[in-house]
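Morning, everyone. Let me put the structure up, and then I'll walk you through it.

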Amino acid sequence: FEHAADGVFTIAYHGEGFTLAPINTARGVQWRKNWALGAISDLQTRTAEHCLRDAPAGNLRVIITHHPLTWPTEAPIRGVTRGGARAQAKLIAAGADIFLSGHLHTPHIDILSYGGRSAAAISAPTLSIRQRGAPAGFVTIAADGPCVDVDLYEVT
């Protein structure tokens, strides 16, 4: 916890059976009305692509961002992550299996396809009191080979 509390880490991690590629989509200031929306740069995308390609064979490849790269149509708030759609397509082509994000504070799963590959985009709920129409909660992800289970837990 103390290590994680030091700030946002964007260093790739290759564990046994999984690879994590965290990307900081938050921006302090942007030239648009709602500066709280996210952005992903070409450099961030290329860095994550290299991470995915360097992952050990058979690893589940997970992209972690605060903002969803493409927003669900049912999102409780509207927005666009700048560069998100372009980055998501490139990362799916590079081997991403899961895109895990927050920001929306509501759970959602989409199956995305690009270039003959598919990936799951999972928006996690929040443990915050700032709820947006869904109870507080979290998701767990468990993988066993090509099978991935995603479970939603609500906190009451």
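I'll start with a term: contact means heavy atoms within 4.5 Å. With that in hand, take the contacts in the protein chain between residues at least 6 apart in sequence: 52% of them join residues at least 24 apart.

A word on what you are looking at. This is a predicted model, where local features need pLDDT of at least 70, side-chain atom pairs count only at pLDDT 80 or more, and totals for chains, interfaces and linings use all residues. Residues are numbered from 1 along each chain as its sequence is written, and side-chain values use heavy atoms, with hydrogens and water left out.

Now the layout. The protein chain has two helices and eight strands. These are DSSP runs, numbered from the N terminus: helices are H or I with at least four residues, strands are E with at least two. In sequence order the pattern is β-β-α-β-α-β-β-β-β-β.

Next, burial. Buried means under 20% relative accessible area, exposed means over 50%, and partly exposed is in between, using a 1.4 Å probe and protein chains only. Of the 156 residues in the protein chain, 40% are buried.

On to the cores. A nonpolar core is a set of buried Ala, Val, Leu, Ile, Met, Phe, Trp, Tyr and Cys residues joined through side-chain atoms within 4.5 Å. The largest one here has 17 residues. Those with the most contacts inside it are I23, L52, I63, L91, A96 and F99. Which elements give two or more residues to this core? They are β2 (18–23), α1 (42–54), α2 (84–93) and β6 (117–123). There is also a second, separate core of seven residues, with L60, V62, I98 and V139 among them.

Let's look at F99. Set aside its neighbours within four places in sequence. F99 is then in contact with I63, L69, Q88, L91, I92, L112, A119, A120, A121 and I122.

I23 is another of the core residues with the most contacts. I23 sits in strand β2. Its relative accessibility is 8%, so it counts as buried. Beyond four places in sequence, I23 is in contact with T10, I40, Q44, A48, I63, I64, T65, H66 and L91. Take A48 from that list: I23 and A48 are 25 residues apart in sequence, yet 7.6 Å apart in space, C-alpha to C-alpha.

I64 lies in strand β3. Buried or partly exposed? At 29% relative accessibility, I64 counts as partly exposed. Leaving out residues up to four places away, I64 touches L20, A21, P22, I23 and L100.

Now the helix pair. α1 and α2 pack at an angle of about 15 degrees, with their axes 9 Å apart. The axes are lines fitted to C-alpha atoms, for helices over the stretch in contact, and angles run from 0 to 180 degrees between N-to-C directions. That makes α1 roughly parallel to α2, the term for angles under 35 degrees. On the α1 side, D42, T45, A48, E49 and L52 meet R86, A87, K90 and L91 in α2. By class, this contact has four nonpolar, one polar and four charged residues. Nonpolar here is Ala, Val, Leu, Ile, Met, Phe, Trp, Tyr, Cys and Pro; charged is Asp, Glu, Lys and Arg; the others, Gly among them, are polar.

Stay with α2. Its buried residues include G84, A87, Q88, A89, L91 and I92. The cover over the buried residues of α2 includes β2, α1, β3 (60–65), β4 (98–101), β5 (108–114) and β6. After α2 comes G95, with a positive phi near 115 degrees.

Two last stops. S123 is in strand β6, and it is buried, with a relative accessible area of 4%. Apart from neighbours within four places, S123 is in contact with P68, P72, S101, L104, T106, P107 and H108. S123 and P107 are 16 residues apart along the chain, with their C-alpha atoms separated by 5.2 Å.

And G58? Where is G58 placed? In the loop between α1 and β3. G58 is exposed, with a relative accessible area of 73%. The C-alpha atoms of G58 and P146 are separated by 8.5 Å, and the two residues are 88 residues apart along the chain.

That's my tour. Over to you.

Notes
Parallel < 35°, antiparallel > 145°, perpendicular 65-115°, else oblique.
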